[in-house]
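These are my notes from an afternoon with one structure.

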Amino acid sequence: MRGLVRYTRPNELFDWDRMLGNFFEGTPVWNTRTPAVDVRESEDGYLMEAEIPGLSDKDIDLKIEDNILTLSSRKEESKEDSTNGYLIRERRSAEFCRTFVLPKDVDRDKIKAEFKNGLLVVSIPKAAEAKPRKIAVKVNG
């Protein structure tokens, strides 16, 4: 009796990044897909965390225009190696772009971003007028 077999779509037959990464041992293979991003809301604002390993803060472009926050990067690298009379030249590039529509209740001037160990953390505070406030109830009597 045959066991279950995972169906592979034709475009998944060859994982070229993995195969070439193994062929050129020690050569990093960049993930050219968009980074994983988590967004959480709190009473004070929003916190966005994006996993971007292999990049530095200089490779990251974060901008805001109107109410659109855009996270993008483009990195190019070329490497040349000469061993035993053979010349190996490699060129790679990787890029991504993610856009997020910000709610109208954010304070755009106070948005901050920190990048450490491949994790980008963007703090997006809510405007003071958008935060919940307690209303005192008077007793008439």
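I began with the terms: helices (H or I, at least four residues) and strands (E, at least two) are DSSP runs, numbered from the N terminus. Two strands pair if DSSP finds at least two bridges between them. The model is predicted, with local features needing pLDDT of at least 70 and side-chain atom pairs pLDDT 80 or more, while totals for chains, interfaces and linings use all residues. Residues are numbered from 1 along each chain as its sequence is written, and side-chain values use heavy atoms, without hydrogens and water.

**Entry 1: the open sheet.** I looked up the strand order and found an open sheet of 4 strands, E1-E2-E7-E6, with antiparallel pairing. Strand E1 (37-41) and strand E6 (112-116) are at the edges; each has a single partner strand, so one side of each is left without a neighbour in the sheet. The twist averages 15° from one strand to the next, where axes are lines fitted to C-alpha atoms (for helices over the stretch in contact) and angles run from 0 to 180 degrees between N-to-C directions. I noted that E2 (residues 45-51) and E7 (residues 119-125) are joined by 7 bridges, and that Glu-49 has Val-121 in E7 as its bridge partner.

**Entry 2: the hairpins.** Strand E3 (residues 60-65) runs antiparallel to E4, with 6 bridges. One of the pairs I found is Leu-62 with Leu-71 in E4. This hairpin has 2 residues between its strands, and Asp-66 in the turn has a positive phi of about 55°. E4 also pairs with E5, antiparallel, over 16 bridges. There Asp-81 stands opposite Ile-88 in E5. The hairpin of E4 and E5 has 2 residues between the strands, and Asn-84 takes a positive phi near 50°.

**Entry 3: the core.** A nonpolar core is a set of buried Ala, Val, Leu, Ile, Met, Phe, Trp, Tyr and Cys residues joined through side-chain atoms within 4.5 Å. The largest one here has 16 residues, and those touching the most other members include Met-48, Leu-71 and Ile-124. Two or more residues each come from E2, strand E4 (68-83), strand E5 (86-101) and E7.

**Entry 4: Leu-102.** Is Leu-102 buried or exposed? At 7% relative accessibility it counts as buried (buried is under 20% relative accessible area, exposed over 50%, partly exposed in between; 1.4 Å probe, protein chains only). Leu-102 is in the loop between E5 and E6. Leaving aside neighbours within four places in sequence, Leu-102 is in contact (heavy atoms within 4.5 Å) with Ile-64, Asn-67, Leu-69, Ile-111 and Ile-124.
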